[in-house]
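Please take a moment to look over the sequence and the model shown below, and keep both in view as you read. The paragraphs that follow walk through some of the details.

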Amino acid sequence: MKTSDLKTHLAAHPEKELRFLLPDGGFIPFHAHITEAGRMDKTFLDCGGTLRRTSACLLQAWVADDTDHRIPAGKLSTILDLAAPLLECEDLEVEVEYEEEWISQFPVVDVVESADALTFQLGLKHTDCLAKDICLPSAKEEEGCCSGGGCC
């Protein structure tokens with residue numbers, strides 16, 4: 001989901017509670033605080049030698065002992081408005097950072113509206129080789145990528 005889509009949903013339903021559905025079907029506790037909203041930039045070199053850049057809007061969800069706390073959509077909308085100079089654009093993919101046993105980042109893939117809440121469905125991130133055409137051996141070549149291929 002893009003930042004602009006998120007802001008549209010929040011603005012249309014400012015009174016609704018926010019819920020975040022994890023990929024395993026569980027929820028981030030409903031009383032979680034959104035403690036950070038920012039732009040995350042990653043510049044890296046892939047295994048084929050290509051320089052790449054990615055950017056995302058990252059929302060950090062933090063769970064405290066304040067179980068009565070609920071953040072309505074309008075509050076997150078205000079936070080995103082304040083963060084607009086940092087985000088620099090509204091076409092960033094939105095991810096939620098959450099710590100249970102370890103810190104994980106989940107892309108926001110969809111939103112479902114109910115009578116009292118906006119439920120943001122979180123997806124999974126996966127690793128990948130971005131230079132498969134260079135690094136992976138061809139069907140004819142069984143030697144492996146480090147025996148003359150373009151990576152390593």
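**A walk through the model**

Arg39 has a relative accessibility of 25%, and therefore counts as partly exposed. Before going further, please keep in mind that the model is a predicted one.

The side chain of Arg39 meets that of Asp41 in a salt bridge, with 2.9 Å from N to O. Asp41 has a relative accessibility of 51% and, because exposed means over 50%, it counts as exposed. Arg39 also forms a salt bridge with Glu88, and here the closest N and O atoms are 3.8 Å apart. Glu88 lies in the loop between α2 and β4 (93-99), whereas Arg39 lies in strand β2 (residues 33-45), so this pair ties together parts that are 49 residues apart in sequence. As a general point, side chains of opposite charge can pair when their charged atoms come close.

What is the phi of Glu88, a residue that is not a glycine? The phi of Glu88 is positive, at about 70°. When you search for Glu88 in the model, look in the loop between α2 and β4.

Other charged side chains pair as well, and in total the structure holds 12 salt bridges. One of them joins Arg52 to Asp46, with the closest N and O atoms 2.6 Å apart. Are the two partners, Arg52 and Asp46, buried, partly exposed or exposed? Arg52 has a relative accessible area of 28% and is therefore partly exposed, while Asp46 has a relative accessible area of 8% and, because buried means under 20%, it is buried. Elsewhere, salt bridges link Glu17, Arg19, Arg70 and Asp116 in a network.

From paired side chains we can turn to paired helices. In general, two packed helices are described by the angle between their axes and the distance between the axes. Helix α1 (residues 3-12) packs with helix α2 (residues 73-87) at an angle of about 150°, and their axes are 9 Å apart. Because angles over 145 degrees count as roughly antiparallel, α1 and α2 are roughly antiparallel to each other. The crossing in which α1 passes α2 is left-handed. Which residues meet where these two helices pack? On the side of α1 they are Thr3, Leu6, Lys7 and Leu10, and on the side of α2 they are Ala73, Leu76, Ser77, Leu80, Asp81 and Leu87. Sorted by kind, the residues of this contact comprise 6 nonpolar, 2 polar and 2 charged.

If neighbours within four places in sequence are left aside, Ile103 is in contact with Glu97 and Tyr98. The C-alpha atom of Ile103 is separated by 10.0 Å from that of Gln60, and these two residues are 43 residues apart along the chain.

Leu124 and Pro107 are 17 residues apart along the chain, and their C-alpha atoms are separated by 6.5 Å.

Methods
Residues numbered from 1 in each chain as written. Predicted model: local features only at pLDDT ≥ 70, side-chain atom pairs only at ≥ 80, totals over all residues. Heavy atoms only, no water. Axes fitted to C-alpha atoms, helices over the stretch in contact; angles between N-to-C directions. Helix = DSSP H or I, 4+ residues; strand = E, 2+ residues; numbered from the N terminus. Parallel < 35°, antiparallel > 145°, perpendicular 65-115°, else oblique. Left-handed = near helix turned anticlockwise from the far one by under 90°. Contact = heavy atoms within 4.5 Å. Nonpolar A, V, L, I, M, F, W, Y, C, P; charged D, E, K, R; others polar. Salt bridge = Lys/Arg side-chain N within 4 Å of Asp/Glu carboxyl O. Buried < 20%, exposed > 50% of the residue type's maximum accessible area, 1.4 Å probe, protein only.
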